[in-house]
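Here are my notebook entries from a browse through this model.

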Amino acid sequence: MFKQKKWGSRCLKWALATLVTGLLAGVHGPFGLEAAAASSVSGQPIIVVSREAGSGTRQAFVELAKVQDAKGDDNITVEADVLNTTGGVLQVVAGNPAAIGYISFGSLNDSIQALSLDGVAVSAEAVRDGSYPLARPFNLAWKEEGLSELGQDFMSFVFSREGQAIVESAGYISPGSKATWQEQAAGAYDYSSDGYKGQLSLVGSTSLTPVIEKLAERYEKLNPGVKINVTSNGSTAGFTAALDGTADIGMLSRELTTSEASQVGHATFALDGIVVVVNPAQSQLKNLTLTELQAIFSGQKTHW
């Protein structure tokens, strides 16, 4: 279901150690997770959980959190357990009190605990006003020569009042007047179907996939003659598909680079925060500074 690095060695050792701790404490739950509170996690190796290299979430995290080497390149520790889906990160962090990872704001659930960064808790307001340090745009991109009429109509729906309501109901943040489609502010106009027919393909970020699928489902109901195919394979793949025309629209969960932006059309349809998450057993841990975050994810700090 997902790819993970070194699960068999590092995480198995953690599980065995925690099992012994739990048995000694008289705890009968699986691996004694109920006993893995601050005292048992303290001093244990930190299990860094990261997305794969082609992930827009990882690229945005590295840039915004400045987990970079002297050349500005990705400096996430090679010891990190690498997962290729948001669901994979959630599963590992929820199952391991010593783990720390990062996910999209819209993917938060009760199985994990979100940390504040530099004293700022993640929220829609903090992402929109820029006070939360790990805020990013969700972008759609298309071949520079232009979108088909069907593609333009879908984009018009995404930026409409109804489309932006779907964005917010999915847990993301409408950019409002900060983003426009054909000179109309996001969420400021109503969409009406013109009866288009045909197929549309969207390819890219796994973080965008859930909200895009909701948007596609509603658009198809309003336009019964349209079929939208959504493929999740990472932001870099989404950009490439948009650039070479193998997809109508690419999905990117990060800013486009200056070079990328010069080669494709693009628009921001939502805002998101990248949330640093730990296991709920770490209830005493509420906040990290960006300096501490950099030390953990670069491998400089290796134990809780």
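I count a salt bridge when a side-chain nitrogen of Lys or Arg lies within 4 Å of a carboxyl oxygen of Asp or Glu. My model is predicted, so local features need pLDDT of at least 70 and side-chain atom pairs count only at pLDDT 80 or more, while totals for chains, interfaces and linings use all residues. Residues are numbered from 1 along each chain as its sequence is written, and side-chain values use heavy atoms, with hydrogens and water left out.

**Salt bridges**

I looked up the count and got seven salt bridges. In one of them, Glu162 pairs with Arg218, with the closest N and O atoms 2.4 Å apart. This pair links distant parts of the chain, Glu162 in helix α7 and Arg218 in helix α8 (residues 209-222), 56 residues apart. Helices here are DSSP runs (H or I, at least four residues) and strands are too (E, at least two), numbered from the N terminus.

Is Arg254 buried or exposed? For me, buried means under 20% relative accessible area, exposed over 50%, and partly exposed in between (1.4 Å probe, protein chains only). Arg254 is buried because its relative accessible area is 6%. Its salt-bridge partner is Glu260, at 2.9 Å between the closest N and O atoms. Glu260 is buried as well, at 12%.

**Ala241**

I found Ala241 in helix α9 (residues 235-244). Ala241 is buried, since its relative accessibility is 6%. Beyond its neighbours within four places in sequence, Ala241 is in contact (heavy atoms within 4.5 Å) with Val203, Thr246 and Ala247.
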